[in-house]
There are 2 protein chains.
Amino acid sequence: MKPEKIVIVGGVAGGATAAARLRRLSENAQIVLIERGEYISFANCGLPYYIGGAIENRSKLLVQTVDGMSDRFKLDIRNRTEAVRINRDEKTVLLQDLRTQEFYTESYDVLILSPGAKPMLPPVPGIAEAAHLFTLRNIPDTDKIKGFVDKVRPRRAAVVGGGFIGLEMAENLHELGIEVSIVERSNQVMEPLDPEMAAPLHLHLKEKGVSLYLGDSLASIEDEGKRLLLQSGAEVQTDMIVMAAGVQPESSLAEEAGLALGNRKTIAVNEYLQTSDPSIYAVGDAIEVQDYVNGTAGFVPLAWPANRQGRIVADNILGKKTPYRGTLGTAISKVFDLTAATTGNNEKNLVRQGIAYRTVHIHPNSHAGYYPGAKPMALKLLFSPEDGRILGAQGVGEKGVDKRIDVLATAIKAGLTVYDLPELELAYAPPYSSAKDPVNMAGYVAVNLLEGMLETVQWHEIDELLATGHYVLDVREHSERQADHIANSAHIPLHDLRNRLSELPTGETIYIYCHAGLRGYLALRILHENGFKAKSLDGGFKTYATARD
Amino acid sequence: MKPEKIVIVGGVAGGATAAARLRRLSENAQIVLIERGEYISFANCGLPYYIGGAIENRSKLLVQTVDGMSDRFKLDIRNRTEAVRINRDEKTVLLQDLRTQEFYTESYDVLILSPGAKPMLPPVPGIAEAAHLFTLRNIPDTDKIKGFVDKVRPRRAAVVGGGFIGLEMAENLHELGIEVSIVERSNQVMEPLDPEMAAPLHLHLKEKGVSLYLGDSLASIEDEGKRLLLQSGAEVQTDMIVMAAGVQPESSLAEEAGLALGNRKTIAVNEYLQTSDPSIYAVGDAIEVQDYVNGTAGFVPLAWPANRQGRIVADNILGKKTPYRGTLGTAISKVFDLTAATTGNNEKNLVRQGIAYRTVHIHPNSHAGYYPGAKPMALKLLFSPEDGRILGAQGVGEKGVDKRIDVLATAIKAGLTVYDLPELELAYAPPYSSAKDPVNMAGYVAVNLLEGMLETVQWHEIDELLATGHYVLDVREHSERQADHIANSAHIPLHDLRNRLSELPTGETIYIYCHAGLRGYLALRILHENGFKAKSLDGGFKTYATARD
Ligand SMILES: Cc1cc2nc3c(=O)[nH]c(=O)nc-3n(C[C@H](O)[C@H](O)[C@H](O)COP(=O)(O)OP(=O)(O)OC[C@H]3O[C@@H](n4cnc5c(N)ncnc54)[C@H](O)[C@@H]3O)c2cc1C
Ligand SMILES: Cc1cc2nc3c(=O)[nH]c(=O)nc-3n(C[C@H](O)[C@H](O)[C@H](O)COP(=O)(O)OP(=O)(O)OC[C@H]3O[C@@H](n4cnc5c(N)ncnc54)[C@H](O)[C@@H]3O)c2cc1C
Ligand SMILES: CC(C)(COP(=O)(O)OP(=O)(O)OC[C@H]1O[C@@H](n2cnc3c(N)ncnc32)[C@H](O)[C@@H]1OP(=O)(O)O)[C@@H](O)C(=O)NCCC(=O)NCCS
Ligand SMILES: CC(C)(COP(=O)(O)OP(=O)(O)OC[C@H]1O[C@@H](n2cnc3c(N)ncnc32)[C@H](O)[C@@H]1OP(=O)(O)O)[C@@H](O)C(=O)NCCC(=O)NCCS
């Protein structure tokens with residue numbers, strides 16, 4: 001029998017999507033949507049851009065209003081109402097109307113939880129006294145920050161946390177003419193990227209005048225928020241603080257109801273998004289998800305999963321059983337003029353999980369180099385040495401990164417291997433790509449690695465190799481070498497190599513590098529075919545030099 | 001035994017790529033590259049943009065020079081040398097040095113043909129006498145056109161043929177301030193698109209001031225090329241003519257050698273790109289390829305296939321056997337401010353092949369509507385009614401079309417169905433996409449169709465339905481209806497529908513339309529759930545109105 005009354009807690013990405021789909025599946029179901037805040041169905045992801053002014057109109061953030069959505073989907077929407085307790089035996093929720101403070105109960109046949117996540121506040125001394133300390137999750141948070149920056153016109157801002165929300169806030173505050181500092185505990189911003197891929201972001205942030213405090217964390221807040229003291233002893237003067245040090249699931253309601261929890265206090269669900277109580281489903285930021293690549297449990301607070309899960313949960317409740325197949329963690333962020341994007345597992349994670357992998361770094365152009373406006377991007381591919389299965393990809397660049405990561409995310413979901421990537425027949429005309437798209441190229445290089453046509457050495461291995469007396473060979477042109485090179489490397493330009501083989505050491509491995517890897521590969525082929533042992537620096541001098549900066 | 005001497009005819013996309021890969025596979029093979037023209041390895045695809053000035057530097061068109069490429073890949077390159085006859089018994093090619101006019105023979109163990117294609121010239125009266133008539137295939141052609149437009153500064157140009165080369169030429173001549181007319185025999189430009197998808201291009205071309213003569217063809221050229229007479233009787237005055245009425249394979253050398261030919265005089269090859277003579281391989285524009293979707297033989301003169309085949313043929317010759325898996329025909333073109341792209345089969349083709357299909361038209365934004373710069377695109381998906389296999393896709397819009405077509409091309413190559421499209425976890429942040437990407441959305445709509453959640457009617461069926469007295473219902477807002485609507489349609493805005501069900505006819509199908517299809521679907525769900533029969537106009541008023549313009 002189909003449930004007659006469905007109560008949903010949380011009226012934004014997961015909750016509103018579930019409500020809409022439920023109604024499309026059934027005109028008769030009674031659907032009650034409970035939202036603590038004033039607003040439902042707003043564009044969380046747009047909030048930083050409204051603060052920075054790119055989104056001019058506040059009303060644009062409100063994708064649906066309470067009235068509009070009630071009408072369109074025949075919903076009983078209770079905003080400014082908090083779900084405070086679940087009584088699983090009675091199948092009721094205790095609600096509090098936040099306008100009147102009154103409590104009342106609402107029964108349910110099925111309950112959907114989409115309570116989201118909340119910003120974490122590190123328990124540092126001085127945090128309670130900080131006058132202008134903000135977090136960003138919803139419209140009221142946004143109004144507070146926007147109100148403050150418009151009225152007080154602060155000169156300096158400190159952002160604690162270099163994840164995507166921290167970086168988006170840094171960019172948007174910078175757009176307002178504010179001097180921004182970012183404090184990030186890890187040695188890099190944007191944790192889902194590997195360090196050499198985050199390195200171009202560091203350079204870019206510095207170019208833009210953002211002060212970066214990496215590998216350092218907040219020790220205390222002084223002078224009512226006017227001064228941050230960091231673990232290293234460094235001090236940051238500021239007129240406002242944005243805490244963007246990560247989020248945690250809003251799972252206390254579920255926890256108090258005795259529902260099983262997963263890692264990091266997420267709500268545990270089965271593949272049909274059912275909690276340990278079969279009448280209660282949960283979706284969105286608050287739940288535990290399986291990593292699509294490695295199967296481990298994770299917490300991925302992003303909008304695509306929330307929307308997808310909201311849709312699926314409605315289907316599951318009304319009888320169209322659909323499993324949720326796990327989360328890849330595809331994510332993207334604009335960081336000033338750069339785009340950083342990722343899908344699947346990063347190298348740090350593969351190491352942590354003990355999963356065997358190979359990597360490829362390339363620096364292709366966004367489109368044909370001869371057509372104006374082409375920009376180089378850094379693209380990293382991670383794949384299995386056994387069968388070439390694609391494990392993850394990362395891209396950073398000014399243009400075209402989103403497209404390549406989307407193609408690779410599709411390839412991963414489709415179970416493709418690196419052997420399939422050269423076969424992808426992607427759209428080519430000069431303004432859009434090259435006859436071999438960057439994704440094809442990454443595939444070619446990966447296949448060469450697996451087939452032994454190419455052997456590589458990584459950027460982080462070179463210094464040690466040189467220190468231990470190995471032969472490192474620069475095959476770039478004289479002018480490139482003059483501009484910069486790896487100290488103590490030998491030099492024979494590629495076009496001379498065949499004539500100067502006699503200068504090379506025999507019996508030991510020659511470590512070749514060029515600008516980005518292509519000429520290193522060509523040199524390696526010449527050497528291999530002439531009986532030398534050689535490896536080429538993956539990603540070339542570019543990856544090496546950027547990562548070491 | 002590996003072949004020792006490989007002769008390649010044609011030194012650009014397919015030929016140069018094969019030569020480079022052959023050398024990477026073997027330092028010892030003797031590789032002779034024969035090219036009739038002065039230049040090898042040039043950017044054919046950039047030629048129109050050099051004429052228009054977007055590419056400023058002629059040298060940028062020369063991806064590799066004869067010297068550079070000879071050095072890098074140890075090649076014996078003979079430019080300005082034509083292969084005039086193949087002697088298969090002796091395994092030799094007769095060559096003519098076009099500088100000296102001398103003939104000589106060159107032996108081969110293996111021969112690779114990558115002779116490309118050549119522009120077709122319709123045999124119309126007056127063509128021989130036309131003074132300023134051009135075609136565009138190579139650098140000398142480009143120099144001629146560029147020389148003419150720079151020196152003579154023509155006021156008007158006529159482009160015969162509305163395929164991608166014709167349109168690129170139209171745009172680039174227009175950029176130079178020239179008044180452009182396009183004459184196209186078919187009722188639409190850009191043949192790989194279906195007519196309703198080409199319709200926005202027609203509007204856009206007209207907006208840009210290009211005169212379009214569709215469904216009309218060249219009857220004769222008068223006044224030494226100053227006047228085109230069309231079949232319809234229309235006349236086009238012009239100062240120059242660009243013939244871009246398609247290309248045909250350069251297969252006469254192969255034909256005279258008695259090699260088997262395929263359709264449209266292409267060179268027939270097996271899946272290893274071997275011609276009917278096992279010592280002769282062929283690649284690129286000149287060969288017959290299998291359609292990846294429907295398996296029929298075709299002719300797809302594009303750069304991705306030529307490059308891919310050039311790479312594969314080298315592998316096959318030197319022992320790394322790799323089949324060529326057919327061509328999807330993924331293609332893209334910039335048409336002034338619009339992008340038009342396609343992959344797989346179009347509807348016209350499916351009809352012709354008698355393949356069962358369903359279609360979906362949607363008009364999503366390139367990225368989140370609330371973030372500045374979002375532009376709507378038209379996206380069409382074709383798929384199998386039996387199993388949801390994706391058969392083809394087309395997109396037209398200002399932004400983000402290339403990305404969605406690439407994702408869909410990947411999906412087709414991976415054998416995905418429309419059921420997989422909602423599962424694609426694509427990168428979302430407001431500047432790049434929406435939490436449900438257009439590709440996800442197309443998948444949702446397609447799955448709804450297959451599952452009976454949605455029934456649709458197509459843009460070309462509506463007028464007939466109205467003429468035969470059917471009930472057509474507009475569910476848009478009053479303001480939208482006032483701006484424009486389908487004559488004789490009834491009107492109930494979506495938000496009023498539940499209250500006004502009693503106004504609707506029972507027992508007959510209600511044909512619903514809205515702007516783009518979303519509200520039509522919501523209205524249909526309400527009607528279906530209330531026991532009415534209803535279908536929704538696929539693509540909404542937007543597809544209908546554009547297609548009929
Ligand atoms: C500034 C910012 C930028 C972001 N940018 C991106 C981006 O670019 N890309 C991306 O993929 N993701 C982004 N996200 C994340 C994305 O917004 C979330 O993943 C998504 O909104 C999660 O959906 P949800 O339904 O789980 O939670 P939410 O959308 O947060 O909705 C949960 C709702 O539940 C309500 N609620 C919680 N508990 C109760 C209760 N007990 N009673 C009543 N109501 C309750 C809350 O008030 C909240 O409104 C961003 C988030 C933020 C904050
Ligand atoms: C103006 C223009 C724009 C284009 N834009 C695009 C685009 O945006 N996207 C896309 O995918 N494709 C595009 N193409 C198509 C693309 O350039 C071709 O598909 C590709 O070049 C085919 O490669 P090929 O090696 O088969 O032929 P080509 O690259 O044409 O090379 C063939 C060579 O063989 C030589 N040759 C022929 N016969 C002989 C002989 N008997 N002896 C010696 N030499 C001989 C010819 O002189 C020629 O140089 C465009 C083409 C043109 C002309
Ligand atoms: C606004 C909101 C309630 C919409 O939910 P929704 O109705 O499920 O989503 P959409 O408006 O995108 O419409 C999708 C539906 O329309 C259908 N659809 C879309 N375009 C269509 C078209 N042209 N023709 C037919 N159907 C169409 C889809 O199939 C889908 O229906 P289904 O789920 O029954 O298959 C919800 O997405 C929301 O609250 N969003 C804001 C919050 C948020 O997501 N924040 C995080 C990101 S900032
Ligand atoms: C210029 C031309 C000769 C190059 O051929 P090519 O050497 O095969 O191609 P690329 O320069 O793109 O290099 C690709 C090779 O480098 C390798 N490579 C690329 N980047 C690399 C990197 N960072 N590290 C290691 N290897 C790399 C690839 O694996 C591939 O080698 P493989 O085929 O042995 O696997 C040929 O593409 C050409 O003539 N192009 C112009 C004509 C044309 O294509 N016209 C139509 C479009 S306008």
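A: Let us start with a term: a cavity is a set of grid points where a 1.4 Å probe fits but cannot get out, and its lining residues are those with an atom within 4 Å of such a point. Helices and strands are DSSP runs, numbered from the N terminus, and with those labels a lining can be assigned to elements. In this structure, which is a predicted model, α15(A) gives the most to the lining of the largest cavity, with three residues.

Q: How many cavities of 30 Å³ or more does a search of the whole structure find, and how much space lies in the largest cavity?

A: The search finds five cavities of 30 Å³ or more, and the largest cavity holds about 50 Å³ of space. The elements that give two or more residues to its lining are α15 (518–529) of chain A, along with α1 (13–25) and α3 (66–73) of chain B.

Q: Turning to the ligands, which residues come nearest to ligand 4, and why is its site described as shared between chains?

A: A residue is counted as near a molecule if one of its heavy atoms lies within 4 Å of it. Of the 31 residues around ligand 4, those that come nearest are A:K436, A:Y521, B:R21, B:R24 and B:R311. The site is shared between chains because residues from both A and B surround ligand 4. B:R24 also belongs to the lining of the largest cavity.

Q: Which element gives the most to the shell around ligand 4, and what classes of residue does the shell have?

A: The most comes from α1(B), with six residues, and the elements that each supply at least two residues also include α11 (438–450) of chain A and α8 (303–317) of chain B. The shell has 20 nonpolar, seven polar and four charged residues.

Q: Where does ligand 1 lie, and which residues come nearest to it?

A: Ligand 1 lies between chains A and B, and of the 30 residues around it the nearest are A:G14, A:E35, A:S114, A:R137 and A:D285. A polar side-chain atom of A:E35 is 2.6 Å from an oxygen atom of ligand 1, and a backbone N or O atom of A:A83 is 3.0 Å from a nitrogen atom of the ligand. Taken alone, ligand 1 exposes 990 Å², of which the protein buries 96%.

Q: Which element provides the largest share of the shell around ligand 1?

A: The largest share, three residues, comes from β4(A), and the shell as a whole divides into 18 nonpolar, seven polar and five charged residues.

Definitions and conventions: Residues numbered from 1 in each chain as written. Chains lettered and ligands numbered in written order. Predicted model: local features only at pLDDT ≥ 70, side-chain atom pairs only at ≥ 80, totals over all residues. Heavy atoms only, no water. 1 Å grid on protein atoms, 1.4 Å probe; cavity = no way out; pocket = protein on both sides within 12 Å on 5 of 7 lines; lining within 4 Å. Points joined across faces, edges and corners; volume = space filled by probe spheres on them. Helix = DSSP H or I, 4+ residues; strand = E, 2+ residues; numbered from the N terminus. Nonpolar A, V, L, I, M, F, W, Y, C, P; charged D, E, K, R; others polar. Polar contact = N/O pair within 3.5 Å; in protein donor to acceptor, adjacent residues only side chain to side chain. Areas by Shrake-Rupley, 256 points an atom, 1.4 Å probe, with all protein chains shown as cover.
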